[in-house]
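Thanks for coming. I have one structure to go through today, and I will take it piece by piece. Please keep the picture in view while I talk.

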Amino acid sequence: MSETRHPHPSEVTPESIYVNRRTFIKRASLAGIGGSLVAGGVWARQKNAPRVEGTFDDDLTPWETVTGYNNFYEFGTGKSDPKKNAQDFRTDPWAVEVTGEVREKRTFPLEELIDGLTIEERIYRMRCVEGWSMVIPWNGFMLKDLIERLGPTEDANYIEFTTLLDRQQMPGQNSPILPWPYVEALRMDEAMHPLTILATGVYGKDLPPQNGAPIRLVVPWKYGFKGAKSIVKIRFTKRQPRTTWNEAIPREYGFYANVNPDVDHPRWSQATERRLGEFFRRDTLMFNGYGEVASLYEGMDLRKYY
Ligand code: MTE
């Protein structure tokens, strides 16, 4: 995450495709059909997902950028590495262990875990701690719905998400760039917020491996690193769990990681961002524009709890 130069999307995608797609997607999304654009093997559950509140009408970031410019250190640290190196990643069958302070403690086949939950399309602004942003049409369900199904105990104050550990499939795990496996966590009230989703798709298709297939966390008011990918374990805890980036570089990455233009990263300002595909930087908004979450942090010093 310490890279300072970020390629323009036109360096990742030939410009003609990039420009055309952008125009096409913009028109299509204005017509309200953005989620059904991409042809191909659409998983039944991503199909016709209704679009709901919490969405923006900013231009969507093109598919090529969303799926070609990624952070997924298990598959390499370069932005184009995950797309290249994750293509053979096996995501079916997939199981998720549920453990800790919870009634339903066991390992679920993914299909069973999420069976019957409502998949919606959520167009979210995503802001990376590195200073770039995208607008992504996720397909996912409210984490709240899953939590209610699983039944956490009264002692559950936090929820932790762990990514698969598999050194054979994930070559990046053979080097000590991060403590593996990747772990992220939320306070329970953050997890229960209706904006917090677990995503299984993007642009109406199943998640590509590089975006965290088959299931990943999406929390739009936090920096992107909170969005743990390819989740194999969900643990409810009493105490605040250790999280990967906080453990790796505590001075730079806190537990909360709320998007906050007033609290700089120790090595760079967080006041502005570059929306991939745009030339000029834009102002970064408090909570990434999702001001409705402010009440979660009332009375907290957000400089201390960054
Ligand atoms: N999850 C895992 N397991 N490994 C990672 O390296 N990177 C994080 C987050 N989730 C990461 C991860 C960071 S820094 C970002 S910005 C987002 O994934 C990027 O998600 P995207 O590639 O789908 O846009």
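N288 sits in the segment after β12, the strand made of residues 282-283. This is a predicted model, so please hear every value as computed. N288 has a positive phi, about 60 degrees, although it is not a glycine. N288 counts as buried because its relative accessibility is 3%, and the cut-off for buried is under 20%.

Another residue belongs next to that one. S230 also has a positive phi without being a glycine, with a value near 45 degrees. You will find S230 in the loop between β9 and β10, where β10 covers residues 231-237. Is S230 buried or exposed? S230 is buried, at 0% relative accessibility.

While we are on the backbone, there are two cis peptide bonds to point out. One joins D92 and P93, with omega at about 5 degrees. P93 lies in the loop that runs between α4 (81-85) and β1 (95-100). The other joins A213 and P214, and there omega is about 0 degrees. P214 is placed in the loop between β8 (205-206) and β9 (216-218).

Now the chain as a whole. It has 8 helices and 12 strands. Of its 306 residues, 57% are buried. Take the contacts with a separation of 6 or more: 72% of them are between residues 24 or more positions apart. The chain exposes about 13300 Å², and carbon and sulfur atoms supply 50% of that area.

D58 gives an example of a contact across the sequence. D58 is in the loop between α2 (15-30) and α3 (63-66). How far apart are D58 and V135 in sequence and in space? They are 77 residues apart in sequence, and 7.1 Å apart from C-alpha to C-alpha. Leaving out residues up to four places away, D58 touches R125, V135, R275 and R282. With R275 there is a polar contact, side chain to side chain, at 3.1 Å. D58 has a relative accessible area of 14%, so it is buried.

R187 has that 14% figure too, and so it is also buried. R187 belongs to strand β6, residues 183-187. Its side chain makes a polar contact of 2.8 Å with the side chain of D189. A further polar contact, of 3.3 Å, links the side chains of R187 and Y256. Beyond four places in sequence, the residues that R187 touches include N157, Y158, F255 and L296.

T196 is in the loop between α7 (188-191) and β7 (197-202). T196 is buried because its relative accessible area is 0%.

Last, the empty space. Rolling a probe the size of a water molecule over the atoms shows where such space is left. How many cavities of 30 Å³ or more does a search of the whole structure find? The search finds 1. The volume of the largest cavity is about 410 Å³. Its lining has 25 residues, and the closest to the centre are N71, W132, R216, G224 and K229. Two elements give two or more residues to that lining, namely β3 (120-127) and β4 (132-142). β4 provides the largest share, 4 residues. By type, the lining divides into 15 nonpolar, 6 polar and 4 charged residues.

Conventions:
Residues numbered from 1 in each chain as written. Predicted model: local features only at pLDDT ≥ 70, side-chain atom pairs only at ≥ 80, totals over all residues. Heavy atoms only, no water. Buried < 20%, exposed > 50% of the residue type's maximum accessible area, 1.4 Å probe, protein only. 1 Å grid on protein atoms, 1.4 Å probe; cavity = no way out; pocket = protein on both sides within 12 Å on 5 of 7 lines; lining within 4 Å. Points joined across faces, edges and corners; volume = space filled by probe spheres on them. Nonpolar A, V, L, I, M, F, W, Y, C, P; charged D, E, K, R; others polar. Contact = heavy atoms within 4.5 Å. Areas by Shrake-Rupley, 256 points an atom, 1.4 Å probe, with all protein chains shown as cover. Polar contact = N/O pair within 3.5 Å; in protein donor to acceptor, adjacent residues only side chain to side chain.
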